[in-house]
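Welcome! Please take a look at the sequence and the 3D structure below, and keep both in view while you read this briefing.

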Amino acid sequence: MSRPTRRQILHGSAAALAGAVLAAPVAFADTAAAHPADGHGQAAGDGPSGGHEMPEPFDEMYEGRHIEGWPADEGDARKGGHHGRGAHAERRAGQAGPHDGMDFVVRIDNDDLHVMRNADGSWISLVNHYETFTTPRALARAAVRELQGADLVPVVTG
């Protein structure tokens, strides 16, 4: 029986490695790590939001903090703007409102958390700028955990 050549061993190893690389995504797809419970880390479109659809409004207490969120275009209809004040009452002629240019408003203890939607439908905030989340609710909860009881400092622009 002849011994395999170095070339045969390298070809066999390359084929085995390619097979493992191609099989890994299929094996990982049904694990718990691929589908976290809080929405963190999922690919856009995997969760109930369906990718680029507008997420559902939320209003809850989380770890002792009041978090809420709603689509920015519902500002006038929801709570009469912000807590009874009409959104237009806060604006002066020619000035932008506090949520102009935003898709979704997220607040922690009545302070705005600046959130942004990525092209892939995921969400980021100024508190968790390098982590993406599938929903603004998951993003707000992560921000509460990151703040560790500290107050949210509003972003001043302009």
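Is N128 buried or exposed? N128 is buried, because its relative accessible area is 3%; buried means under 20% relative accessible area, exposed over 50%, and partly exposed in between, with a 1.4 Å probe and protein chains only.

This is a predicted model, in which local features need pLDDT of at least 70 and side-chain atom pairs count only at pLDDT 80 or more, while totals for chains, interfaces and linings use all residues. Residues are numbered from 1 along each chain as its sequence is written, and side-chain values use heavy atoms, with hydrogens and water left out.

**N128 and S125**

- N128 is found in the loop between β6 and α2, and S125 sits in strand β6 (residues 123–125). Helices (H or I, at least four residues) and strands (E, at least two) are DSSP runs, numbered from the N terminus.
- S125 counts as buried because its relative accessibility is 0%.
- A polar atom of the S125 side chain lies 3.1 Å from the backbone nitrogen of N128. A polar contact is a pair of N or O atoms within 3.5 Å; within protein, one must be able to donate a hydrogen and the other to accept it, and residues adjacent in sequence count only if both atoms are side-chain atoms.
- The N128 side chain, in turn, reaches the backbone nitrogen of A143 at 3.5 Å.
- Not counting residues up to four places away in sequence, N128 touches F133, L139, A142, A143 and E146. Contact means heavy atoms within 4.5 Å.
- With its neighbours within four places in sequence left aside, S125 is in contact with L113, H114, V115, M116 and L139.

**The sheet**

- Four strands form an open sheet in the order β1-β2-β3-β4, with antiparallel pairing. Two strands pair if DSSP finds at least two bridges between them.
- β1 and β4 (111–113) are the edge strands, and each pairs on one side only.
- On average, neighbouring strands of this sheet are turned by 25° against each other, direction ignored. Axes are lines fitted to C-alpha atoms, for helices over the stretch in contact, and angles run from 0 to 180 degrees between N-to-C directions.
- β1 and β2 pair in the antiparallel sense over five bridges, and the bridge partner of E60 in β2 is I67.
- Three bridges join β3 to β4, and I108 stands opposite D111 in β4.
- In a regular strand the side chains alternate between the two faces of the sheet. You can look for this in β1, whose covered face holds F58, E60 and Y62, and whose uncovered face holds D59 and M61.

- The 12 residues of α2 should span 16 Å at 1.5 Å a residue, and its end C-alpha atoms are 16 Å apart, so the two agree. The expected span of a helix is 1.5 Å times one less than its number of residues.
- The buried residues in α2 include P136, A138, L139 and A143, and what covers the buried residues of α2 includes β5 (115–117) and β6.
- The largest nonpolar core has 18 residues, of which F58, I67, V106, I108, L113, V115 and L139 touch the most other members. The elements that give two or more residues to this core are β1 (58–62), β3 (104–108) and α2 (136–147), and α2 gives the most, with seven residues.
- A nonpolar core is a set of buried Ala, Val, Leu, Ile, Met, Phe, Trp, Tyr and Cys residues joined through side-chain atoms within 4.5 Å.
- Not counting residues up to four places away in sequence, L139 touches L113, V115, W123, I124, S125, N128 and F133.

**Positive phi values**

- D109 is partly exposed, because its relative accessible area is 31%, and N110 counts as partly exposed at 39% relative accessibility.
- In the hairpin of β1 and β2, which has two residues between the strands, E63 takes a positive phi near 50°.
- Just after α2, Q148 takes a positive phi of about 50°.
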